[in-house]
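Biologist: Could you take me through this model step by step? I would like to begin with the place where the two chains come together.

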Number of protein chains: 2
Amino acid sequence: VSQPSLIALDWGTSNLRASLLDAAGAALDTRSAAAGVMAVPERRFAEALLSLCGDWLAAHPHCACIASGMVGSRQGWVEAPYLACPADLGALAAALRWTPERTLAIVPGVICRDAADVPDVMRGEETQILGAREAWPGRALAVLPGTHSKWVHVDDGRIAGFTTYMTGELYAVLLGHTILGRMAGAGADPDVAPGAAFARGVERGLGRGDLAHDIFGARTLSLTGELAAADVGDRLSGLLIGREIRAARAWATGVECDASRAWVIGNDALTARYGMAFAQAGITAEPAPAGAAARGLWAIARSAALIDATKG
Amino acid sequence: VSQPSLIALDWGTSNLRASLLDAAGAALDTRSAAAGVMAVPERRFAEALLSLCGDWLAAHPHCACIASGMVGSRQGWVEAPYLACPADLGALAAALRWTPERTLAIVPGVICRDAADVPDVMRGEETQILGAREAWPGRALAVLPGTHSKWVHVDDGRIAGFTTYMTGELYAVLLGHTILGRMAGAGADPDVAPGAAFARGVERGLGRGDLAHDIFGARTLSLTGELAAADVGDRLSGLLIGREIRAARAWATGVECDASRAWVIGNDALTARYGMAFAQAGITAEPAPAGAAARGLWAIARSAALIDATKG
């Protein structure tokens, strides 16, 4: 069982994270590089893969190689078209796309449509959810905080539907390129636990206000001396996360998904911020186990019969 | 009456607009320069004024000189502290601040607070409103579209309260610095009338959605080929303006201000966009007469007895 059986790649926009897994899905080794899809020049993805994992590929020629994330986008190595919701393990495994040389199998993203027929997409998160969901009950609300936060309705192992909020990207551009950033200086240090300004931002965000108005309030509070320049980032972060929780809770209720408990995938400082905001919103946040992407890739590869337990 | 009696300056962040007015407030001459507060090096405001209006100042030494806008901010020539709402002509006139050499009288901005005690501010708009309001009934809802759009409750000539939306600044940073901009290219040409994508954005914005989610929808619609790259800017503009109208209408109703009719100050392409969105929202938009800033400065100067009709 402890023989290498799969090379699993979490290949996103900025980073490439590789795991060498045994036949039970346990990680024998892990590596990463700043070789995300937008960082690989001239789409030389094969070179990027060899550079990080060439020795694994050479030493374990029987190991399949599988990837999820933006590597399957139109800008990636090979486009793996979006699979419609509801999507489950078997459907994702059946829709794998191979690179021309069959070096790599790529997991498709998932697409859904809202009541107004506006599409929403994910790419990479579907794999994390499948990797994390063993810890959950049959029906669950999963949350993946980030640049484009996802809230996912998981029903009996299927991705039933989801909704995206550009929370992280909004935070970055508001602090980086607006009058708020000029007042805030460098903004909140993501590795420092947020203080009272964050909690007050969350409180405001959870209320009935409007984002385009409330972000201006962070400026005026600073102007009148009621908010320290160093706290503008925290208030803004709280406002955006509170607003996301308010909107996503309404969405979940609308699709008959229990929004009193959320399974949170991620284990960084941002996830900790969401945990504080969930507590304020009266939502029980359950941390998903670490290593969700690699476990999801392993489950998909096994479902697609890419793992040959007789070799190795 | 046609003798010069006032030099009126609309001195904002980016531009300085000057009018030479007669004793009835009619413009004898107008000039402008890209000499806004952020464009004047080392706060050399006196030099900027002389550069644009030196000949007027020399030829008409009896004329008072008055300014509104960011020139009265902390970063401006002299800080003219915010006046609390409700604020009327007399209060603004009584709160003028003079530059040390008494070259220039500066109109204060106005501050108000919402139910949660979060402050909101304006600087320059108060003067435009006083200049435009003669065309209005006693109670009115005034709208000033822009980088920081203002909705103002005017009650019997007083600025009773207002609310700000960072709509224009959000549009600029979303197109300039996010994934939406990378898909949209240059974005909408502000001088081209918006098309169906704008109207659909307004419709969505007027609905119950969430901004951080709906802006992601502009990306996914483009990804699936349902929205042309050239239309991403229009959809985004429609979303933001529709959202602003929805939130501001709720605000106006909350302060018992009739939101079925709006007096719109401005006469550029952006104002035309708002006009289309107002029509979709079922709000009657009334264009305010042009030259509101100069007329407001004249009314304040007259109230402060800065216009001496016996000279000239």
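**Interface, sheets and helices**

Biologist: How many salt bridges are there across the interface of chain B and chain A?

Modeller: The rule finds four salt bridges across that interface; a salt bridge is a side-chain nitrogen of Lys or Arg within 4 Å of a carboxyl oxygen of Asp or Glu. One joins the side chains of R204(B) and D114(A), at 2.6 Å from N to O. Please note that this is a predicted model, in which local features need pLDDT of at least 70 and side-chain atom pairs count only at pLDDT 80 or more, while totals for chains, interfaces and linings use all residues. Residues are numbered from 1 along each chain as its sequence is written, chains are lettered from A and ligands numbered from 1 in the order in which they are written, and side-chain values use heavy atoms, with hydrogens and water left out.

Biologist: What area is buried between chain B and chain A?

Modeller: About 3,500 Å² is buried, and carbon and sulfur atoms give 66% of it. Buried area is the accessible area (1.4 Å probe) that two parts lose on being put together, summed over both. In chain B, M166(B), F216(B) and L223(B) lose the most area to chain A, together 16% of what that side buries.

Biologist: And how many residues does the contact take from each chain?

Modeller: It takes 44 residues from chain B and 44 residues from chain A, where contact means heavy atoms within 4.5 Å.

Biologist: Changing topic, what is the strand order in the open sheet of chain B?

Modeller: The order is β12-β11-β10-β13-β14, five strands with mixed pairing. Helices (H or I, at least four residues) and strands (E, at least two) are DSSP runs, numbered from the N terminus, and two strands pair if DSSP finds at least two bridges between them. At the edges, β12 (158-165) and β14 (284-287) of chain B each pair on one side only. Neighbouring strands are turned by 30° against each other on average, direction ignored.

Biologist: Which helix packs on that sheet?

Modeller: Helix α7 (residues 211-223) of chain A does, touching β11 (149-155) and β12 of chain B. Its direction makes about 100° with that of β12(B). Axes are lines fitted to C-alpha atoms, for helices over the stretch in contact, and angles run from 0 to 180 degrees between N-to-C directions.

Biologist: In β13(B), what is the bridge partner of V143(B)?

Modeller: The partner is V264(B). Strands β10 (residues 139-144) and β13 (residues 261-264) of chain B pair in the parallel sense over two bridges.

Biologist: Now the helices: at what angle do the axes of α3 and α10 of chain B cross?

Modeller: Helix α3 (residues 125-132) and helix α10 (residues 292-303) of chain B cross at roughly 85°, and their axes come within 6 Å. They are therefore roughly perpendicular to each other; angles under 35 degrees count as roughly parallel, over 145 as roughly antiparallel, 65 to 115 as roughly perpendicular and the rest as oblique. Among the contact residues are L130(B) of α3(B) and I300(B) of α10(B).

Biologist: Where is P86(A) found?

Modeller: P86(A) lies in the loop between β5 (83-84) and α2 (89-94) of chain A. The peptide bond from C85(A) to P86(A) is cis, with omega near -5°. In chain B, the bond from C85(B) to P86(B) is also cis, with omega near -5°. Most peptide bonds are trans.
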